[in-house]
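Grab a pencil and let's work through some exercises together. Each task comes with a solution that goes step by step.

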Amino acid sequence: MKITDIKIIVASPGRNFVTVKIITDQGLYGIGDATVNGREKAVVAYLEDHVVPCLIGRDPARIEDIWQYLYKGAYWRRGPITMASIAGIDMALWDIKAKAANMPLYQLLGGRSRERVMVYKHVGGMDIGEVVEGVQALREQGLDAIRAQVSIPGLPPIYGTGPSTDQAAGGMIRALPNEEVWATHKYLPLVPKLFEALRDKVGWDVHLLHDVHHRLTPIEAARLGKDLEPYRLFWLEDAIPAELQDGFRIVRQHTTQPLAVGEIFNTVWDCQQLISEQLIDYIRVTSVHAGGVTGLKRIFDFASIYHVRSACHGPMDVSPVAMGCNIHVDVAIPNFGIQEFSGYTGATHEMFPSAWSYERGYVQPGETPGHGVDIDEAVAEKYPYSPAYLPVARLEDGTLTSW
Ligand code: GCO
Ligand code: MG
């Protein structure tokens, strides 16, 4: 079999997605996700100018060799643009291999290790009452794990909490980055009150999660972890900036609150210390940002040695293609923890017919040969690329800060 053509398709059915379609001389094709939220065009250029010409005529069955060719061969290793480009190609190649074998992808990864894959969804709100209501509503819809975020009184709504940044409406609603305001001293005493109210109203049978979005220093995160201990969160996510690996040791020394990080990591080397020193409990890499199925499996296998569990990043800017690949990996690996699943717009589902399915808090990969996610190119044409960015955050005095 030979690769005859590779198409890079950019469309925005609610979010911008970069999709790779690898076509072979045998009529089989494979689909991959190469989206980097807010930097989509950079990946398109990387793929079209530097990757596609090198792959025409190659054997699509040689997945590991092509991964190494694109990784080692580039000389300029790692980084989100390179690794998303590799991911898009890698997912499409696994799709072709599994279609050729007439098997769902998870069978090629060792087969099922569990009957179903638990997901968590998000609830945000302008005040604690609104978040409690949202969590109760998701409980009624069958969710066993829920991420809760609340807006800070006296400050405008921030990403993930309020209507101005509603993820269902696209989250990144502006053509240029929205500038948000952050105040740690107002946030720190509020979050324990949120989880006290949640435990009071929804009880102890549900897994509760919280995402700090990299906003704290290590000692502030340690304080938050201690204050949240009575409410036994499933995890505290991105408590400090992800690149501050030594900082996690400080957080760890002070709290038994489980810690999760990884959505901005691209390779096993970004999280090697965190995993091997057992400074975290969950590694949140995702197929599209961590080098595809090959990269993701490599990281999770490494993590399994240290009993660190998986938790694939799965917001709506991780396309249904990457979600499908994540779910095939989730169902197969021994150290699965949880899968993030924030849901997609109707237009996104229309554009990506998918074999994976969601029902009452759990997902299944489906039994279609390949990873089971396709792209309807006619639908994609209806939703052209439209520039959109994540917000930036400033302190009340105007200083730019992490979020
Ligand atoms: C999450 C994330 C997202 C990211 C987004 C960036 O936990 O789902 O923090 O909300 O901010 O995916 O593109
Ligand atoms: Mg997050």
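Domain bounds here come from an automatic or database domain assignment. This is a predicted model, where local features need pLDDT of at least 70, side-chain atom pairs count only at pLDDT 80 or more, and totals for chains, interfaces and linings use all residues. Residues are numbered from 1 along each chain as its sequence is written, and chains are lettered from A and ligands numbered from 1 in the order in which they are written.

**Exercise 1.** Find the domains and describe where they touch.

*Step 1.* The protein chain splits into domain 1 (3-104) and domain 2 (108-367).

*Step 2.* Their C-alpha centres are 26 Å apart.

*Step 3.* Count the contact, where two residues qualify if their C-beta atoms, placed from the backbone, lie within 7 Å: domain 1 puts in 31 residues and domain 2 puts in 30.

*Step 4.* Helices (H or I, at least four residues) and strands (E, at least two) are DSSP runs, numbered from the N terminus. On the domain 1 side, β2 (17-24), β3 (29-33), α2 (63-71) and α3 (80-100) each supply at least two residues, and α3 gives the most, with ten.

**Exercise 2.** Work out how the buried residues of α8 are arranged.

*Step 1.* Call a residue buried if 20 or more other C-beta atoms, placed from the backbone, lie within 10 Å of its own. In α8 (residues 218-228) that gives Pro218, Ala221, Ala222, Leu224, Gly225 and Leu228.

*Step 2.* Look down the helix axis: these residues fall within an arc of 165 degrees (taken from the directions from the axis to the C-beta atoms), so they line one face of α8.

*Step 3.* Those buried residues pack against α7 (190-202), β8 (235-237) and α9 (247-254).

Notes:
Buried ≥ 20, exposed ≤ 12 C-beta atoms within 10 Å, placed from the backbone.
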